[in-house]
Amino acid sequence: MRSCLGCHKRFPKKQLMKFVLRNGVIKHDSKGTEQGRSAYCCNNNKCLDDFVRQEKKLSRAFRVREDQISTELKDWE
Ligand SMILES: [Zn+2]
């Protein structure tokens with residue numbers, strides 16, 4: 001079980017979208033094959049919206065400083 005960074009509800013990992021941080025950019029790991037720290041969000045537009053604005057939580061999830069994360073998302077599907 002993992003929690004969604006948007007709504008904080010817990011879901012089985014399979015039901016969540018996985019994101020990884022690559023070169024300061026948050027990337028959707030659609031295949032779930034990326035290594036390293038990850039953050040999860042449920043498949044809900046409002047959560048995804050919140051997700052990208054949760055810089056504090058993202059920085060904690062990825063163990064980096066807030067200014068090391070670009071909130072501009074790329075490679076989304
Ligand atoms: Zn959610």
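Here are a few notes on the predicted model above.

1. Some ground rules. Residues are numbered from 1 along each chain as its sequence is written. This is a predicted model, where local features need pLDDT of at least 70, side-chain atom pairs count only at pLDDT 80 or more, and totals for chains, interfaces and linings use all residues.

2. How confident is the predictor? pLDDT is its confidence in each residue, from 0 to 100. The protein chain has a mean of 88, with 91% of its residues at 70 or more. Strand β2 (residues 10-11) comes out highest at 97, while strand β6 (residues 70-74) is lowest at a mean of 66.

3. Now the strands (DSSP E runs of at least two residues; helices are H or I runs of at least four; both numbered from the N terminus). Strands pair if DSSP finds at least two bridges between them. β3 pairs with β5 in the antiparallel sense over five bridges, and Phe 19 stands opposite Ala 39 in β5.

4. β3 also runs antiparallel to β4 (residues 25-28), joined by four bridges; one pairs Arg 22 with Val 25. The two strands make a hairpin with two residues between them, and Asn 23 in the turn has a positive phi of about 50°.

5. On burial: a residue is buried if 20 or more other C-beta atoms lie within 10 Å of its own, exposed if 12 or fewer, and partly exposed in between, with C-beta atoms placed from the backbone. Four of the five residues in β5 are buried.

6. Have a look at Cys 4. Beyond its neighbours within four places in sequence, its contacts (C-beta atoms, placed from the backbone, within 7 Å) include Leu 16, Tyr 40 and Cys 47.

Definitions and conventions:
Contact = placed C-beta atoms within 7 Å. pLDDT = per-residue confidence, 0-100.
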